[in-house]
Amino acid sequence: MQKFITKSPEETERLAERIANTLEGTELIAMFGDLGAGKTAFTRGLAKGLGIDDGVSSPTFALVHEYSGKYTVYHFDMYRVTSWDDLYTTGFFDYMDSGVMVIEWSENIVDFLPENRINITIKHLSENEREITVEGAREI
């Protein structure tokens, strides 16, 4: 487990860029954190680290956004998904092993996620500071 403190959204993005450099292309990244914790900022940095220039935004209403770069990134928002049936109907399992899957609100589906994943937990420390815990990733 690795822990980091970031002091701005830009620092959170830079940390995610560093993590992107350790990826091999088929990881599942489960993100945990309250509303406004910085999950989308983290995903923006991850995408940038993979050469993705598209504007990254939360897929709240679309459920998934797809971005192309060094690897394809599938950015999911599981805020409203709370059961196996909900998850299955999203087509979620069709994306497995076909790119990097980044999942916001993993709390809602954690029982259905594979054990072999990267967990990112983001906690508010203050208005701008975040504690980011990374489990299952290579050392950065």
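Biologist: In which helix does Thr43 lie?

Modeller: This is a predicted model, in which local features need pLDDT of at least 70, side-chain atom pairs count only at pLDDT 80 or more, and totals for chains, interfaces and linings use all residues. Residues are numbered from 1 along each chain as its sequence is written, and side-chain values use heavy atoms, with hydrogens and water left out. Helices (H or I, at least four residues) and strands (E, at least two) are DSSP runs, numbered from the N terminus. Residues 39–49 form the element that holds Thr43, namely helix 2.

Biologist: Is Thr43 buried or exposed?

Modeller: Buried means under 20% relative accessible area, exposed over 50%, and partly exposed in between (1.4 Å probe, protein chains only). The relative accessible area of Thr43 is 1%, so Thr43 is buried.

Biologist: Which residues does Thr43 touch, not counting residues up to four places away in sequence?

Modeller: A contact requires heavy atoms within 4.5 Å. With residues up to four places away in sequence set aside, Thr43 touches Met31, Val56, His75, Val102 and Glu104.

Biologist: In what order do the elements of the chain run from the N terminus on?

Modeller: The chain contains three helices and seven strands. Read from the N terminus, their order is β-α-β-α-β-β-α-β-β-β.

Biologist: What share of the 140 residues in the chain is buried?

Modeller: The limit of under 20% relative accessible area applies here too. Among the 140 residues of the chain, the buried share is 49%.
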